[in-house]
Amino acid sequence: MNKIKLIIIALTSVLSIKCQIGGTGVYDAKTHGGCSGNGVTQDATNLQNLINAVPAGSTIKFEGGNFAINTALTFSKLLFFEGINASITTTANIQIFSML
């Protein structure tokens, strides 16, 4: 199993600047995406659905959990990812994110 620690990419000052230039919001992987973050249940489908649903420029937040991903996630728009006490575990040798 590969374990990847998420890096916090959104600092308070960055978020306030983003809001001033029309940022589109923060979406929690658990609350808005239905991910479990328990390290056992596969979260790939729910996370992909969230990626597809949020508008470009949004931030997807991973907070307090271990998100199990068993397939590559694809996206074709600019998104930001924020991790707070979170990790992603893959069950295969995959590239987790790919741009279309």
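Predicted model: local features only at pLDDT ≥ 70, side-chain atom pairs only at ≥ 80, totals over all residues.
Me: Why is the pair of F62 and F67 called edge-to-face?

Reply: F62 and F67 lie 5.1 Å apart centre to centre, with 75° between the planes. The distance is within 6.5 Å and the angle is over 60, so the pair counts as edge-to-face.

Me: What makes F62 and F67 buried?

Reply: Buried means under 20% relative accessible area, exposed over 50%, and partly exposed in between (1.4 Å probe, protein chains only). F62 has 0% relative accessibility, so it counts as buried. F67, at 1%, also counts as buried.

Me: Why is the pair of F62 and F81 called stacked?

Reply: Their centres are 6.3 Å apart and their planes 25° apart. That is within 6.5 Å and under 30 degrees, so the pair counts as stacked. This pair links distant parts of the chain: F62 is in strand β4 and F81 in strand β6 (residues 80-90), 19 residues apart. Strands (E, at least two residues) and helices (H or I, at least four) are DSSP runs, numbered from the N terminus. Together with F67 and F75, these two residues form one aromatic cluster.

Me: How do you know that the buried residues of α2 are on the same side?

Reply: In helix α2 (residues 44-53), the buried residues are A44, L47, Q48, L50 and I51. They cover an arc of only 160° around the axis, which puts them on the same side of α2; the arc is that of the directions from the helix axis to the C-beta atoms. T45 and A53, on the other side, are exposed.

Me: Why does Q48 count as buried, and what is it in contact with?

Reply: Q48 has 14% relative accessibility, which is under 20%, so Q48 counts as buried. Leaving aside neighbours within four places in sequence, Q48 is in contact (heavy atoms within 4.5 Å) with A72, L73 and T74.

Note on methods. Residues numbered from 1 in each chain as written. Heavy atoms only, no water. Phe/Tyr/Trp six-rings, centres within 6.5 Å; stacked < 30°, edge-to-face > 60°.
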